[in-house]
Amino acid sequence: MNTLFDVKRLCRLIANLNILTSVPANILDAQGRDRYLFGGHPPFCKAINADPEGHARCIRCDAWKAKHYHADGGFQFYRCHLGICEALMPLYSKEEPLAYLIFGCYYSRIRT
């Protein structure tokens, strides 16, 4: 990940988001790869990621969403490959995203 980010502060932000909302958050690099700054995935996601095929699908889903981000700033809400709600927001340096804040693994009855 780019050295412009203070990893300790990002970890604290992610942990606080989880404490306040009970929804896991994490950081993806500019290519959409999970940086594993916070290991608070719910048991369901941990079980899916324990299977090599499930893990590969999660990796592809994150990379696809980072590549196809199209919101006008702020969070873009979507459903992952399993239908679980997530939100993605780029962290910019000027006009280029350096990383993405991913906030998710929550259930919603609202279709996105």
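Which residues make up the largest nonpolar core? The views below start from that question, in a predicted model where local features need pLDDT of at least 70 and side-chain atom pairs count only at pLDDT 80 or more, while totals for chains, interfaces and linings use all residues. Residues are numbered from 1 along each chain as its sequence is written, and side-chain values use heavy atoms, with hydrogens and water left out.

**View 1. The largest nonpolar core.** Ten residues make up this core, namely Leu10, Ile14, Val23, Ala25, Ile27, Ala87, Leu91, Ala99, Leu101 and Phe103; a nonpolar core is a set of buried Ala, Val, Leu, Ile, Met, Phe, Trp, Tyr and Cys residues joined through side-chain atoms within 4.5 Å. Two or more residues each come from helix H1, strand E1, strand E3 (85–93) and strand E4, with E4 giving the largest share, three residues. A second, separate core of seven residues includes Ala66, Tyr69, Leu88 and Ile102.

View 2. Helices (H or I, at least four residues) and strands (E, at least two) are DSSP runs, numbered from the N terminus, and H1 covers residues 7–21. Leu10, Ile14 and Asn18 are buried in H1, where buried means under 20% relative accessible area, exposed over 50% and partly exposed in between (1.4 Å probe, protein chains only). Seen down the helix axis, the buried residues of H1 fall within an arc of 75° (taken from the directions from the axis to the C-beta atoms), so they line one face of the helix. These buried residues pack against strand E1 (25–29) and strand E4 (96–106), contact meaning heavy atoms within 4.5 Å. On the other side of H1, Lys8, Arg9, Arg12, Ile19 and Leu20 are exposed.

**View 3. The aromatic cluster of Phe75, Phe77 and Phe103.** These three residues form one aromatic cluster, in which rings of Phe, Tyr and Trp (its six-membered ring) pair if their centres lie within 6.5 Å, with planes under 30 degrees apart counted as stacked, over 60 as edge-to-face and the rest as tilted. The structure holds three aromatic pairs. One of them joins Phe75 and Phe77, whose ring centres are 6.2 Å apart and whose planes lie at 40°, so the pair is tilted. The rings of Phe75 and Phe103 have centres 6.1 Å apart and planes at 40°, so this pair is also tilted. Because Phe75 lies in the loop between helix H3 (52–67) and strand E2 and Phe103 in strand E4, the pair ties together parts that are 28 residues apart in sequence.

Terms used: The expected span of a helix is 1.5 Å times one less than its number of residues.
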